[in-house]
Amino acid sequence: MGIFVGSVYGNSQHVAEEVSAILTSSGFMVDVLLDPSVSVVSDVSSLLFITSTTGEGDIPPNLEFFIHDLREQRIKLENKPFALVALGDSSYGDSYCGAGKKIFSLLTELRADAIAEMLEVDACETLEPEIKVVSWIKTIMTKFQ
(Lines give C-alpha, C1' and ligand atoms only; values in the text may rest on other atoms or scores of the structure.)
Protein backbone atom coordinates (compact mmCIF):
# COMPACT_ATOMS: atom_id res chain seq x y z
CA MET A 1 0.00 0.00 0.00
CA GLY A 2 1.23 3.46 -0.82
CA ILE A 3 0.40 6.38 1.45
CA PHE A 4 0.77 9.50 -0.69
CA VAL A 5 1.31 12.55 1.50
CA GLY A 6 0.63 16.14 0.49
CA SER A 7 2.09 18.36 3.18
CA VAL A 8 3.39 21.89 3.55
CA TYR A 9 4.03 22.20 7.28
CA GLY A 10 4.23 18.52 8.25
CA ASN A 11 0.77 17.94 9.69
CA SER A 12 -0.29 15.52 6.94
CA GLN A 13 3.03 13.75 7.24
CA HIS A 14 2.50 13.25 10.98
CA VAL A 15 -0.98 11.85 10.35
CA ALA A 16 0.42 9.54 7.64
CA GLU A 17 3.06 8.20 10.01
CA GLU A 18 0.41 7.42 12.63
CA VAL A 19 -1.75 5.68 10.02
CA SER A 20 1.26 3.78 8.69
CA ALA A 21 1.99 2.43 12.18
CA ILE A 22 -1.59 1.16 12.56
CA LEU A 23 -1.63 -0.44 9.11
CA THR A 24 1.79 -2.04 9.57
CA SER A 25 0.76 -3.51 12.93
CA SER A 26 -2.29 -4.96 11.14
CA GLY A 27 -0.09 -6.76 8.61
CA PHE A 28 -0.06 -4.30 5.70
CA MET A 29 3.12 -3.55 3.76
CA VAL A 30 3.17 0.26 3.71
CA ASP A 31 5.28 2.87 1.95
CA VAL A 32 4.86 6.50 3.01
CA LEU A 33 5.57 8.58 -0.09
CA LEU A 34 6.40 12.27 0.28
CA ASP A 35 7.79 12.87 -3.21
CA PRO A 36 6.34 10.09 -5.38
CA SER A 37 6.84 9.50 -9.07
CA VAL A 38 4.18 8.05 -11.34
CA SER A 39 6.13 4.80 -11.69
CA VAL A 40 5.41 3.90 -8.06
CA VAL A 41 1.67 3.60 -8.77
CA SER A 42 2.13 0.23 -10.46
CA ASP A 43 4.21 -1.01 -7.50
CA VAL A 44 1.54 -0.52 -4.83
CA SER A 45 -1.56 -2.63 -4.30
CA SER A 46 -3.69 0.28 -3.10
CA LEU A 47 -3.54 4.03 -2.67
CA LEU A 48 -4.17 6.14 0.41
CA PHE A 49 -3.85 9.90 0.07
CA ILE A 50 -3.48 12.14 3.10
CA THR A 51 -3.24 15.74 2.00
CA SER A 52 -3.56 19.24 3.25
CA THR A 53 -4.65 22.14 1.05
CA THR A 54 -2.54 25.19 0.37
CA GLY A 55 -3.17 28.58 -1.21
CA GLU A 56 -6.65 28.82 -2.62
CA GLY A 57 -7.53 25.14 -2.72
CA ASP A 58 -4.23 24.04 -4.23
CA ILE A 59 -2.37 20.75 -4.00
CA PRO A 60 0.76 20.96 -1.82
CA PRO A 61 3.98 21.44 -3.83
CA ASN A 62 5.39 18.01 -2.93
CA LEU A 63 2.44 16.28 -4.67
CA GLU A 64 1.81 18.83 -7.40
CA PHE A 65 4.03 17.29 -10.11
CA PHE A 66 2.88 13.76 -9.25
CA ILE A 67 -0.79 14.71 -9.65
CA HIS A 68 0.02 16.63 -12.84
CA ASP A 69 1.80 13.57 -14.27
CA LEU A 70 -1.09 11.25 -13.33
CA ARG A 71 -3.47 13.58 -15.17
CA GLU A 72 -1.30 14.18 -18.23
CA GLN A 73 -0.16 10.58 -18.68
CA ARG A 74 -3.68 9.23 -18.02
CA ILE A 75 -2.23 6.53 -15.77
CA LYS A 76 -4.53 3.51 -15.67
CA LEU A 77 -5.83 2.93 -12.16
CA GLU A 78 -8.71 0.59 -12.97
CA ASN A 79 -9.79 -1.44 -9.95
CA LYS A 80 -6.97 -0.10 -7.76
CA PRO A 81 -8.52 0.59 -4.35
CA PHE A 82 -8.03 4.04 -2.89
CA ALA A 83 -9.11 6.24 -0.02
CA LEU A 84 -8.42 9.89 0.65
CA VAL A 85 -8.11 12.07 3.73
CA ALA A 86 -8.30 15.83 3.19
CA LEU A 87 -7.06 18.07 5.97
CA GLY A 88 -8.36 21.61 5.77
CA ASP A 89 -9.68 24.67 7.52
CA SER A 90 -13.32 25.51 6.90
CA SER A 91 -12.68 29.20 7.58
CA TYR A 92 -11.19 29.31 4.06
CA GLY A 93 -14.68 28.90 2.59
CA ASP A 94 -14.89 27.50 -0.94
CA SER A 95 -11.26 26.34 -0.99
CA TYR A 96 -11.81 24.11 2.08
CA CYS A 97 -10.19 20.71 1.39
CA GLY A 98 -9.73 21.81 -2.22
CA ALA A 99 -6.64 19.66 -2.81
CA GLY A 100 -8.40 16.55 -1.57
CA LYS A 101 -11.43 17.23 -3.74
CA LYS A 102 -9.22 17.68 -6.83
CA ILE A 103 -7.26 14.49 -6.16
CA PHE A 104 -10.40 12.45 -5.39
CA SER A 105 -11.97 13.63 -8.64
CA LEU A 106 -8.86 12.74 -10.66
CA LEU A 107 -8.56 9.26 -9.13
CA THR A 108 -12.20 8.60 -9.88
CA GLU A 109 -11.74 9.86 -13.44
CA LEU A 110 -8.76 7.46 -13.83
CA ARG A 111 -11.11 4.65 -12.70
CA ALA A 112 -9.51 3.88 -9.37
CA ASP A 113 -11.91 2.19 -6.95
CA ALA A 114 -12.95 4.46 -4.06
CA ILE A 115 -13.44 2.25 -1.02
CA ALA A 116 -14.91 5.12 1.02
CA GLU A 117 -16.07 8.68 0.67
CA MET A 118 -13.35 11.27 1.18
CA LEU A 119 -12.75 12.04 4.85
CA GLU A 120 -12.60 15.77 5.52
CA VAL A 121 -10.88 16.84 8.72
CA ASP A 122 -11.52 20.45 9.73
CA ALA A 123 -8.75 22.19 11.70
CA CYS A 124 -11.42 24.44 13.22
CA GLU A 125 -12.98 21.40 14.91
CA THR A 126 -10.12 18.93 15.35
CA LEU A 127 -6.86 19.76 17.10
CA GLU A 128 -5.46 16.24 16.72
CA PRO A 129 -6.42 15.04 13.24
CA GLU A 130 -4.49 11.79 13.62
CA ILE A 131 -7.04 10.55 16.18
CA LYS A 132 -9.96 11.03 13.78
CA VAL A 133 -8.03 9.63 10.81
CA VAL A 134 -6.73 6.53 12.63
CA SER A 135 -10.26 5.78 13.84
CA TRP A 136 -11.58 6.09 10.27
CA ILE A 137 -8.78 3.94 8.83
CA LYS A 138 -9.62 1.17 11.29
CA THR A 139 -13.18 1.07 9.91
CA ILE A 140 -12.13 0.79 6.25
CA MET A 141 -8.77 -0.97 6.21
CA THR A 142 -10.17 -4.42 5.43
CA LYS A 143 -11.48 -2.97 2.14
CA PHE A 144 -7.88 -2.45 0.98
CA GLN A 145 -7.31 -6.20 0.80
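Which residue takes a positive phi just after α3? I found R111 there, with a phi of about 70°.

**Ground rules.** The model is predicted, so I kept to the conventions that go with it: local features need pLDDT of at least 70, side-chain atom pairs count only at pLDDT 80 or more, and totals for chains, interfaces and linings use all residues. Residues are numbered from 1 along each chain as its sequence is written, and side-chain values use heavy atoms, with hydrogens and water left out.

R111 sits in the loop between α3 and β5 (113-114); helices (H or I, at least four residues) and strands (E, at least two) are DSSP runs, numbered from the N terminus. With a relative accessible area of 57%, R111 is exposed. For that term I used these cut-offs: buried is under 20% relative accessible area, exposed is over 50%, and partly exposed is in between (1.4 Å probe, protein chains only). I then looked up N79, in the loop between α2 and β4. N79 is a residue other than glycine with a positive phi, near 65°, and its relative accessible area of 67% makes it exposed.

**Helix α3.** I checked the length next. The 12 residues of α3 should span 16 Å at 1.5 Å a residue, and the end C-alpha atoms are 17 Å apart, which agrees. The expected span is 1.5 Å times one less than the number of residues. The buried residues in α3 are G98, A99, G100, I103, F104, L106 and L107. Their cover includes β3, α2, β4 and β5, where contact means heavy atoms within 4.5 Å.

**Helix α2.** I ran the same check on residues 61-73: 13 residues should span 18 Å, and the end C-alpha atoms of α2 are 19 Å apart, in agreement. L63, F66, I67 and L70 are buried in α2. Looking down the axis of α2, I see the buried residues within an arc of 100°, so they line one face of the helix; the arc is taken from the directions from the helix axis to the C-beta atoms. P61, F65 and E72 are exposed on the face turned away from that buried side. The buried residues of α2 pack against β1 (2-6), β3 (47-51) and α3 (98-109). After α2 comes R74, with a positive phi near 50°.

**The cores.** What are the residues with the most contacts inside the largest nonpolar core? They are F49, F66, I67, L70 and L107, in a core of 28 residues. A nonpolar core here is a set of buried Ala, Val, Leu, Ile, Met, Phe, Trp, Tyr and Cys residues joined through side-chain atoms within 4.5 Å. β3, α2, β4 (81-88) and α3 each give two or more residues to this core, and α3 gives the most, with five. Apart from this core lies another, of 25 residues, with V5, A16, V134 and W136 among them. I also followed L70 on its own: leaving out residues up to four places away in sequence, L70 touches V38, V41, I75, L106, L107 and L110.

**Aromatic pairs.** Rings of Phe, Tyr and Trp (its six-membered ring) pair if their centres lie within 6.5 Å; planes under 30 degrees apart count as stacked, over 60 as edge-to-face and the rest as tilted. I get four aromatic pairs by this rule. F4 and F49 are stacked, because their ring centres are 4.9 Å apart and their planes are at 15°. F4 is in strand β1 and F49 in strand β3, so the pair ties together parts 45 residues apart in sequence.

**S12.** Last stop: S12 in helix α1 (residues 11-25). Is S12 buried or exposed? It counts as buried, at 1% relative accessibility. A polar atom of the S12 side chain lies 3.1 Å from the backbone nitrogen of S52.

Notes: Polar contact = N/O pair within 3.5 Å; in protein donor to acceptor, adjacent residues only side chain to side chain.
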